[in-house]
Amino acid sequence: MHIVPERDIPDLLTREASFDAVENVFAAMAAGDAYNFPVVREAIGHEDALYGFKGGFDGKGMVLGLKAGGYWPNNLEKRQLINHQSTVFLFDPDTGKVAAMVGGNYLTALRTAAASSVSIKHLARKDAKVMGMVGAGHQATFQLRAALEQREFEKVIGWNYHPDMLPNIANVAQEAGVPFEAVPLERMVEADVVISITSTFAPSIMADHIAPGTHLACMGTDTKGKQEVEAALLARATVFTDEVAQSVSIGEAQHAVGAGMIAQSDVHQIGAVINGAHPGRTSDDEITIFDGTGVGLQDLAVAARIVDMAIKAGTAIEVDF
Ligand code: NAD
């Protein structure tokens, strides 16, 4: 088996490779060639940790495996370790033998950013000029860096619940050579594309904060009870997701579906748009929403690329196991 340690991954993994892997696996999911297994997530009653597994099988890319890990809230304070910890295990689909063990932390940030970028590529208006960010935490920087590659953005506007964190995203915009302005939430109506990536349980983005024609990628809601966007906005929009079952149970659509404002059948797989089976955006006035819940197959697809890259670079550690 091959081992690719966390420390090697930032030098190996590119945004382009992550984007390509995620776009392909979303397409395979919609075509019925790849499927995710039910997610396990447990409070283990030790260190307040949430631990779980996300797995799946991509029969087209021939990738089988799981990401194991979760959230240890005391890590940073007690041990100077990051709170999110995960590792990907890949298996040979022909034999079941373990094939690789890959650090999952940096990978998670790039695969999550790749998901919103894929949605921008396929659903945002081609003439989008203003990028809006709601959120300025760890994931937000990766999200913005990747999104700015999808259109000729001329300006970034940003809002965050904790304003002291805004320099995180202002710096990313500056590095990309795009002017940044901190704005109140009401001014998100000026954005053509909005990404929300926060951990809130009460919506920040109200229906009248989003103008007709906007594409909104909701990336923060990945658990029952979390909510970034007023449910009424989903009723006004065309809603897409990575995986419908997750969208309506742990994603942003859980609230609109739960309140009967939209039906599960109103939530479409982004992979169908990639494959040409769904038209995607059909007018310049339409609001499109991508509910990015985060699926195991994204992790596995990107991990498989990392292993290939590490073998090519000669940095993969080979173990006779
Ligand atoms: P972080 O702790 O670094 O940042 C949290 C962000 O949420 C900050 O911008 C913070 O200001 C904001 N926030 C906190 N409380 C808020 C409130 N009450 N109202 C509005 N905003 C509030 O976290 P992160 O690592 O950047 O993760 C952000 C979210 O993304 C989390 O909910 C995480 O679970 C989720 N996530 C989703 C995926 C996916 O695949 N969809 C992947 C990774 C993380």
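The questions below ask why particular terms apply to this predicted model.

In this predicted model, local features need pLDDT of at least 70 and side-chain atom pairs count only at pLDDT 80 or more, while totals for chains, interfaces and linings use all residues. Residues are numbered from 1 along each chain as its sequence is written, and side-chain values use heavy atoms, with hydrogens and water left out.

Q: Why is the pair of Y51 and F53 called edge-to-face?
A: Rings of Phe, Tyr and Trp (its six-membered ring) pair if their centres lie within 6.5 Å; planes under 30 degrees apart count as stacked, over 60 as edge-to-face and the rest as tilted. The ring centres of Y51 and F53 are 5.3 Å apart and the planes stand at 75 degrees, so the pair is edge-to-face. The structure holds five aromatic pairs.

Q: Why are Y51 and F53 called partly exposed?
A: Buried means under 20% relative accessible area, exposed over 50%, and partly exposed in between (1.4 Å probe, protein chains only). Y51 has 31% relative accessibility and therefore counts as partly exposed. F53, with a relative accessible area of 33%, is partly exposed too.

Q: What makes Y51 and W72 an edge-to-face pair?
A: Their ring centres are 6.2 Å apart and their planes are at 65 degrees, so the pair is edge-to-face.

Q: Why is the pair of Y51 and W72 said to tie together parts that are apart in sequence?
A: Helices (H or I, at least four residues) and strands (E, at least two) are DSSP runs, numbered from the N terminus. Y51 lies in strand 4 (residues 50–58) and W72 in the loop between strand 5 (63–71) and helix 3 (75–79), so the pair ties together parts that are 21 residues apart in sequence. Y51, F53 and W72 form one aromatic cluster.

Q: Which residues are the closest to the ligand, and how many surround it?
A: A residue is near a molecule or strand if one of its heavy atoms lies within 4 Å of it. There are 23 residues around the ligand, and the closest are R111, N160, H162, D222 and K226. Helix 4 (105–123) and helix 5 (138–147) each supply at least two residues of the shell around the ligand.

Q: What polar atoms of N160, T198 and G220 lie by oxygen atoms of the ligand?
A: A polar contact is a pair of N or O atoms within 3.5 Å; within protein, one must be able to donate a hydrogen and the other to accept it, and residues adjacent in sequence count only if both atoms are side-chain atoms. For N160, a polar side-chain atom lies 2.7 Å from an oxygen atom of the ligand. For T198, a polar backbone atom is 3.3 Å from a ligand oxygen atom, and for G220 a polar backbone atom is 3.0 Å from one. The protein covers 83% of the 860 Å² of accessible area that the ligand has on its own.

Q: Why is T288 called buried?
A: T288 has 0% relative accessibility and therefore counts as buried. T288 is found in strand 15 (residues 288–291).

Q: What joins the side chain of T288 to those of H215 and R281?
A: A polar contact of 2.8 Å joins T288 and H215, and a polar contact of 3.1 Å joins T288 and R281.

Q: Is N83 buried or exposed, and why?
A: The relative accessibility of N83 is 16%, so N83 counts as buried. N83 is in the loop between helix 3 and strand 6 (84–91). A polar atom of the N83 side chain lies 3.0 Å from the backbone nitrogen of L76.

Q: What makes D48 exposed and M62 partly exposed?
A: D48 has a relative accessible area of 60% and is therefore exposed. M62 has 44% and is therefore partly exposed. D48 is in the loop between strand 3 (40–43) and strand 4, and M62 lies in the loop between strand 4 and strand 5. Although not a glycine, D48 has a positive phi of about 55 degrees; phi of M62, also a residue other than glycine, is positive and near 55 degrees.

Q: Why is H162 called partly exposed?
A: H162 has a relative accessible area of 41%, so H162 is partly exposed. H162 is found in the loop between strand 9 (155–159) and helix 6 (167–175).

How values were computed. Accessible areas come from the Shrake-Rupley method with a 1.4 Å probe; for residues, only the protein chains shown count as cover.
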